[in-house]
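User: Could you walk me through this model, one question at a time? I would like to see how each answer is reached.

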Amino acid sequence: HKGLSWRDEPCGFSEKQNVAFAQSQTYPVIHDATKVVKDSWAIVQHLDAAYPDKPLLTNRSYAHFINSWADTVVNVAIFPIVVGDLVERVRPQDKAYILESRGKRLGTTDFAAFQAKARENKGVANFRAALEPARRVLKDQKFLSGDAPAYPDYILLGSFLWPRTLSPLELLDKDDVVYAWRERMLDQFDGFARKA
């Protein structure tokens, strides 16, 4: 978005040593010159402050709201309907970590049964209903941020990318404006996200 050069380092769930330099247990983490920053919201604030001459990623209040909504509503609604697929498709070296960490969260390690129950109990419909705030905005504009994507679009896209890489479940109907938005986002930057 800012036109900066960068190098990515894909990491698995159990490869905590890759983010130890940042005193972090979670991703994402960036190392920008001498500055280490962890957490999506902290990273976007850093990038806007460090590179104000480049296109801004945020309208701070709006972007912070979208970030919080994605974390506490969207991701929470996705998790139960794809957790079984996660366990089946995670890298072998990450499986024990997923079983332990997600098992504690759910109170079970029978993720397939948990996922099946969530899907039976309107989990997909509940997830789609959680997207209504985005749907209302996207009826009138191409991106959450207006005519071009910015951080609100990127953080919500992130919520779609992790299930997209591990679950065959189609989260959206093709006639949903959020589906069309997701397709536009997947095509950004020469299809970078679509290739994930």
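User: Which residues does Ile 43 touch, not counting residues up to four places away in sequence?

Analyst: Happy to start there; please keep in mind that this is a predicted model. Ile 43 is found in helix α1 and counts as buried, at 10% relative accessibility. Not counting residues up to four places away in sequence, the residues it touches are Pro 28, Val 29, Ile 30, Val 37 and Lys 38.

User: How far apart are the C-alpha atoms of Ile 43 and Asp 32?

Analyst: Along the chain, Ile 43 and Asp 32 are 11 residues apart.

User: Lys 16 is buried, so which side chain of opposite charge is nearest, and how far away is it?

Analyst: Lys 16 sits in the segment before β1 (29–32). A salt bridge needs a side-chain nitrogen within 4 Å of a carboxyl oxygen, and Lys 16 has none. The nearest side chain of opposite charge belongs to Asp 94, at 8.2 Å.

User: What does the side chain of Lys 16 reach instead, and at what distance?

Analyst: Leaving aside neighbours within four places in sequence, Lys 16 is in contact with Ser 24, Gln 25, Tyr 27 and Tyr 97. Its side chain also reaches a backbone oxygen, that of Phe 13, at 3.3 Å.

User: Why do the buried residues of α4 line one face of the helix?

Analyst: Helix α4 covers residues 111–120, and Phe 111, Gln 115 and Ala 118 are buried in it. Seen down the axis of α4, these buried residues line one face because they fall within an arc of 60°.

User: Which exposed residues does the face of α4 turned away from its buried side carry, and which helices do its buried residues pack against?

Analyst: The face turned away from the buried side carries Ala 112, Lys 117 and Glu 120, which are exposed. On the buried side, the packing partners are α2 (60–89), α3 (95–106) and α5 (123–130).

User: Leaving aside neighbours within four places in sequence, which residues is Leu 131 in contact with?

Analyst: Leu 131 is among the core residues with the most contacts inside the core. Leaving aside those neighbours, its contacts are Trp 69, Val 74, Leu 156, Phe 160, Leu 172 and Val 178.

User: How far apart are the closest N and O atoms of Asp 85 and Arg 119?

Analyst: A search of the whole structure finds 15 salt bridges, and Asp 85 with Arg 119 is a salt bridge. The pair links distant parts of the chain, with Asp 85 in helix α2 and Arg 119 in helix α4, 34 residues apart. Asp 85 is buried at 9% relative accessible area, whereas Arg 119 is partly exposed at 30%. Their closest N and O atoms are 2.9 Å apart.

User: Which residues are linked with Glu 170 in a network of salt bridges?

Analyst: Glu 170 meets Arg 182 in a salt bridge at 3.1 Å, N to O. Arg 194 forms another with Asp 187, at 3.0 Å. The network links Glu 170 with Arg 182, Glu 183, Asp 187 and Arg 194.

How values were computed. Residues numbered from 1 in each chain as written. Predicted model: local features only at pLDDT ≥ 70, side-chain atom pairs only at ≥ 80, totals over all residues. Heavy atoms only, no water. Buried < 20%, exposed > 50% of the residue type's maximum accessible area, 1.4 Å probe, protein only. Helix = DSSP H or I, 4+ residues; strand = E, 2+ residues; numbered from the N terminus. Arc of directions from axis to C-beta. Contact = heavy atoms within 4.5 Å. Core = buried A, V, L, I, M, F, W, Y, C linked by side-chain atoms within 4.5 Å. Lys, Arg positive; Asp, Glu negative; His and termini not counted. Polar contact = N/O pair within 3.5 Å; in protein donor to acceptor, adjacent residues only side chain to side chain.
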